[in-house]
Protein chains: 4
Amino acid sequence: MISFLNDYSEGAHPRILAMLAQANWEQNEGYGQDAHSQRAKEYLKQAVGRENVDIHFLAGGTQTNLVVISSFLRPHHCVISAETGHINVHETGAIEATGHKVVVAPGEQGKLTPEAIQTVIDYHTDEHMVLPKMVYISNSTELGTVYTKAELTAIHEVCKKNGLLLFLDGARLASALTCKANDLTLSDKARLVDVIYLGGTKNGALLGEALVICKEELKEDFRYLIKQRGALMAKGFVIGIQFEALFQDDLYFRLGKHANDMAEKIAAILKDYGYSFYVPPCTNQLFPILPGETVDKLAQEFKFYIQKKIDDRHYAIRLVTSWATTQESVDRLRQFFAGACS
Amino acid sequence: MISFLNDYSEGAHPRILAMLAQANWEQNEGYGQDAHSQRAKEYLKQAVGRENVDIHFLAGGTQTNLVVISSFLRPHHCVISAETGHINVHETGAIEATGHKVVVAPGEQGKLTPEAIQTVIDYHTDEHMVLPKMVYISNSTELGTVYTKAELTAIHEVCKKNGLLLFLDGARLASALTCKANDLTLSDKARLVDVIYLGGTKNGALLGEALVICKEELKEDFRYLIKQRGALMAKGFVIGIQFEALFQDDLYFRLGKHANDMAEKIAAILKDYGYSFYVPPCTNQLFPILPGETVDKLAQEFKFYIQKKIDDRHYAIRLVTSWATTQESVDRLRQFFAGACS
Amino acid sequence: MISFLNDYSEGAHPRILAMLAQANWEQNEGYGQDAHSQRAKEYLKQAVGRENVDIHFLAGGTQTNLVVISSFLRPHHCVISAETGHINVHETGAIEATGHKVVVAPGEQGKLTPEAIQTVIDYHTDEHMVLPKMVYISNSTELGTVYTKAELTAIHEVCKKNGLLLFLDGARLASALTCKANDLTLSDKARLVDVIYLGGTKNGALLGEALVICKEELKEDFRYLIKQRGALMAKGFVIGIQFEALFQDDLYFRLGKHANDMAEKIAAILKDYGYSFYVPPCTNQLFPILPGETVDKLAQEFKFYIQKKIDDRHYAIRLVTSWATTQESVDRLRQFFAGACS
Amino acid sequence: MISFLNDYSEGAHPRILAMLAQANWEQNEGYGQDAHSQRAKEYLKQAVGRENVDIHFLAGGTQTNLVVISSFLRPHHCVISAETGHINVHETGAIEATGHKVVVAPGEQGKLTPEAIQTVIDYHTDEHMVLPKMVYISNSTELGTVYTKAELTAIHEVCKKNGLLLFLDGARLASALTCKANDLTLSDKARLVDVIYLGGTKNGALLGEALVICKEELKEDFRYLIKQRGALMAKGFVIGIQFEALFQDDLYFRLGKHANDMAEKIAAILKDYGYSFYVPPCTNQLFPILPGETVDKLAQEFKFYIQKKIDDRHYAIRLVTSWATTQESVDRLRQFFAGACS
């Protein structure tokens, strides 16, 4: 069975494994204060086009989200998220477990709008309600869409005007940055947000996320806060080496583009056979709408999630490609639809 | 410079790297529900001699401690720890951050006693004080000592009598189980404690701890609680494979024994040159007492921590060996003392 | 200016003040273990028709809600509330501050339905999402409506079937129990819910809520949990005396009925003048819909909140009566509308 | 039986009851925004000799402590307390429940020293440990002792030098300020600390503590934080009126002095009969050391706590006087000792 379940099914890009093996017998400093992590941070600073940022490596996305949000908010502050935001639905209340309400605003295909953010802010008028202090967005979103430069700038403006922090969850940032709809550079993002993370787990690393703190006031004592949440790894160099591998040249971006290319091919096949999409194809997550019987047949050869029941006879499914998706897997999908639709 | 700073300076045992490479292109289930994790759990059940335990893989020690303690206590419950316990001093208040007080009892060379535990219990008499509900011990301890079977049994008894849970932090369990002073088997431990973890990070894995829940009532919904603390890794198989590698035969124990053997050789050298110890040598952590000038010279060739100032002229230092410590490093230390003491 | 802002503007029923004065020089046990609190609990047990309940006195509503919810849930559990539920909107994230997500279900005029509850339960399918474990309802609701016996029974059933606790916030229970639409007795409620509180603050006490724990498993150690949240009052007898005063006969219910009677008179006036209501009048909170200019004029003589803008020319306002509302205040309102509508 | 258990056994000073009765039918603004609370704040500003402070009324001591500490610390910050500090032992982990470690420093007769504080600060060297950010002291202390101006100034200096906040728990401040050993004025205190509360519950109020925030940076959004912890009372005027009564003239201080005077008389009696003290008498808490048989006899006529077993034959007991202690009660105690020692 070929899996299109997600982008974290395979191990790591071979270069990462090779560099881990090569460094294996070195004696590295603990807790991320090693030379590899240091070099990786230098590469990342070049990539984001800024020297005056703080960079920390963490193990996973939910962990990064909860460390970031709980570190920068006072107890009465809430974070605003789209209804579909990962922190709202799929983190088992991780943010609330640190004491903060996630206030939901309606999203458009997974994306927050400045209007929706302003509406939430306006609704929270006094001390009987939480005080909005941070906006959480993901890019690409949980529905595979991306923010344009104009959209991100508008959100930046509404945050700035109201004194809110802007946090970008980049678990799938590589895919976002390399998709055709994208008009944002990494340095644009580092300029428009206060804190951002670049996902490694979903883009070819065994594990690891690179958190970039752009806003000066947020930098203080951050290692304490990582440690307190159990997120400061003794062998921090294991993540440092991986980001060194990903950013010493443009590997990180090539892997993201590969996932997008494979998704584009699949989208083309589906369009050829006349299928529509729950959300327009954009990055490495596709949401085609298929008849129930086709879904059933597909499930005999491929793994994927059902996203949503559309009507009595149709379902939107989710197909995810990754840095590791092969042409062969795409061809097998083509063959399936050739058979199913003949 | 040769480092005796800790047991997490090097990467991973070569077999682990080989197995990660071998599995690299497989498409594994996410979140630890893959075949490797499953096999690793089977091996671990054999190792602990029980089928009716639940096993979960986590990324690190502080993370495991905070997930365990916060999951099994109600809000008004506290956990009892030795003063030297890792959760008391070196986790940046991670346990308190989940809402629970760590109540300290005096330890003897890092070990809790039943008497000290009972004293804490007796002191907490009413609802104006927290209610002791769990005892936290580490084995080997933060001072390198180990519990004997009699000692652990006595602690088990005092816990049972008072309705307290017993949690054993086994970050350095491999070293504890394979040291000469040890008279406990892994299955003894699984019988005497309610929950225990077997450390991988400090015994040859890139990262990972294997948590074993022995008590039936504690098993419910544990994956929710892992997820909520950001500790459920998308690529859980990365840890699963490593524990598969460590437990498919006796590699885990051989690595622990290697660390102990190297420590024993170093202890012998130090004794030969007449040095005494802050705590008697037992496992892979040594605490020799050296004159200040010797410490200074040693620091020019070797990395290590100063544990404690003993008097105006002497310091206890900490030397830690690991699964990766080489005979050459031991020999270099021997040469140093031969020179320093000639 | 006459205030219809709320039901906590005045002090306390004279009998309460008299009993406080009478007991003033007694030396009472601290922390609620005095004879007055004991007697008040006996009266309350008679009122709820059960002996096997535990009763505790707390200072206020938000405090009671957060103590209850945080005491009975494990960290990964959430509580289900109507969108309009007090814990969702008007407690500054008090529940989330104790670590728990409030999951919202659509309400009907402030009331939850079994269908909405079941939908939330069904949506939460795995460990990546919080686990619903408690349902929070208020009666009367934040919109002044009440649950019928059939409705509460149906909610009880859906909770029981799914293993959820049912918590009834009775900040305005006296008004609910004595309104014409009510067909529930206090003992019905104590049978159908797991935990309930009877509000004193909004029904003639200086402060105080009486929490009744009906479910055996929830009783353990509850005083610890009150204390930990800063809610165990040194002079607990101050609340005990007040509930003694309210429940030694039917004063509690008479005060609730008085508020309802005053509201009914006001509703009749408003209906006479042809106004409709945002929510049908039922208890002591009225939500008439008035033209903007009438609202402006009314605001020159009376205090009240604007609940919602209905359309460009109309607003729903909130008028609240209380145990202390006078006939004179009602008459003044009548005069106002006589003038405004002539 | 006459009780010397505590200073919260009786109701309230008659003037307080009278003023509550007088204001009973007023319609006051909710949540502490009424005219009485406003006036009480003006009186308090005069009493502390500063206009630029923020004042809030809360219901009790543990509540005030947890709101203050959790509001002003970031997650990785700890608070330093004497071993005997109320927050360390007698609040059921209330501070830890908000996420913060209480780090203990040895006290001298209940008082912290600058040296002990500095030692704790020096010990916390890196991000693996919590970061000290606040010092908590009580005055009078849990052992009835008071800080001198020199002592408080020295603590102020060590806090300032190290960037720590200084919080003074004044549950028994009236007694501290009016005892003979005191050389501090209320305005001295407001100058030397960052935040302080003046206890009402233990000095003649039914309930209530007046929190004074002296440091500008701590004032922001504080009402949100009160509300979130369930501490913003709907009928806030009930506490406002009481502090109006206590501070419209010097009643607050007279009540404190009365308690001290009664204690002084009792101390004189005990000294007359040759008893020594566990801690030298100073304020309204006395800790005489009595033989076991005397303790037993005393317990037949009086209520009190046993503080500590001194040796096989002697116990230190605690006798507490209050604003309500009568000369008759003192005389009865004198008669007892006359009889017991004849």
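Modeller: Two residues count as being in contact if their C-beta atoms, placed from the backbone, lie within 7 Å. The model is predicted, so to speak of local features requires pLDDT of at least 70 and side-chain atom pairs count only at pLDDT 80 or more, whereas totals for chains, interfaces and linings use all residues. Residues are numbered from 1 along each chain as its sequence is written, and chains are lettered from A and ligands numbered from 1 in the order in which they are written.

Within chain D, 7 strands make an open, mixed sheet in the order 2-8-7-6-5-3-4. Helices (H or I, at least four residues) and strands (E, at least two) are DSSP runs, numbered from the N terminus, and two strands pair if DSSP finds at least two bridges between them. Strand 2 (54-58) and strand 4 (102-105) of chain D are the edges; each has a single partner strand, so one side of each lacks a neighbour in the sheet. From one strand to the next, the twist averages 25 degrees.

Strand 5 (residues 131-138) and strand 6 (residues 165-170) of chain D pair in the parallel sense over 5 bridges, and Val135(D) has Leu166(D) in strand 6 as its bridge partner. Helix 7 (residues 149-162) of chain D packs on the sheet, touching both strand 5 and strand 6, and its direction makes about 145 degrees with that of strand 6. Axes are lines fitted to C-alpha atoms, for helices over the stretch in contact, and angles run from 0 to 180 degrees between N-to-C directions.
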